[in-house]
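Let's walk through this fold together, one piece at a time. Have the sequence and the 3D view ready as you read.

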Amino acid sequence: MADGSDTTLTAEQQTDQAPNGLVAGIKSFAAGHGGAKAVIEYVGKRGARIVLVGSDGEWADQFADGTDIARQACAKAGVDVENAWERELMDQMRPSNDLWRSMGRRTMAR
């Protein structure tokens with residue numbers, strides 16, 4: 001039996017799907033913050049959220065149509081993708097004062 005099937009889509013066969021604007025946004029963030037790492041979160045029909053954490057602790061997010069497109073965009077931008085939220089990555093994040101204020105105004109629903 002052969003090592004693959006012609007009906008199976010492999011990484012080498014995938015087409016260039018990542019939008020240039022998404023790749024440019026990721027590259028721009030990484031360049032402005034001394035490099036970056038990404039965590040990709042599936043958000044249902046909306047697609048995928050790419051959370052970028054800069055080396056300086058700043059963070060931002062971008063949205064893609066799917067997790068596969070998000071991974072392609074990060075690869076094209078030269079940003080490493082973490083498999084999950086590791087403690088070291090979370091410790092590196094510095095939430096802004098505005099974020100702390102907005103979280104303080106929220107109440108928990110029962």
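## Ground rules

Contact here means that heavy atoms lie within 4.5 Å. Helices (H or I, at least four residues) and strands (E, at least two) are DSSP runs, numbered from the N terminus. This is a predicted model, where local features need pLDDT of at least 70 and side-chain atom pairs count only at pLDDT 80 or more, while totals for chains, interfaces and linings use all residues. Residues are numbered from 1 along each chain as its sequence is written, and side-chain values use heavy atoms, with hydrogens and water left out.

## The sheet

Start with the strands: 4 of them make an open sheet in the order β3-β2-β1-β4, with mixed pairing. Strands count as paired if DSSP finds at least two bridges between them. At the edges sit β3 (59–64) and β4 (80–82), each pairing on one side only. From one strand to the next, the twist averages 30 degrees. (Axes are lines fitted to C-alpha atoms, for helices over the stretch in contact, and angles run from 0 to 180 degrees between N-to-C directions.)

Now look at β2, residues 48–54, which pairs with β3 in the antiparallel sense over 6 bridges. V51 has D61 in β3 as its bridge partner, and V53 stands opposite W59 in β3. These two strands make a hairpin with 4 residues between them, and G57 in the turn has a positive phi of about 95 degrees. β2 also pairs with β1, again antiparallel, over 7 bridges, and I40 finds its bridge partner I50 in β2. That hairpin has 5 residues between its strands, with G44 in the turn at a positive phi of about 75 degrees.

Which residues of α2 are buried? They are I69, A70, Q72, A73, C74 and A77, where buried means under 20% relative accessible area, exposed over 50% and partly exposed in between (1.4 Å probe, protein chains only). An α-helix has 3.6 residues a turn, so residues three or four places apart point the same way. The cover over the buried residues of α2 includes α1, β1, β2, β3 and β4. Just after this helix, G78 takes a positive phi of about 80 degrees.

## A closer look at T67

T67 lies in helix α2. Why is T67 called partly exposed? Because its relative accessibility is 34%. Beyond its neighbours within four places in sequence, T67 is in contact with I40, Y42 and A48. Its C-alpha atom is separated by 8.7 Å from that of I50, 17 residues apart along the chain.

## The core

A nonpolar core is a set of buried Ala, Val, Leu, Ile, Met, Phe, Trp, Tyr and Cys residues joined through side-chain atoms within 4.5 Å. The largest one has 19 residues, and I26, I50, L52 and V79 touch the most other members. The elements giving it two or more residues are α1, β1, β2 and α2. As for β2, 6 of its 7 residues are buried. Leaving aside neighbours within four places in sequence, the contacts of L52 include I26, F29, W59 and V79.
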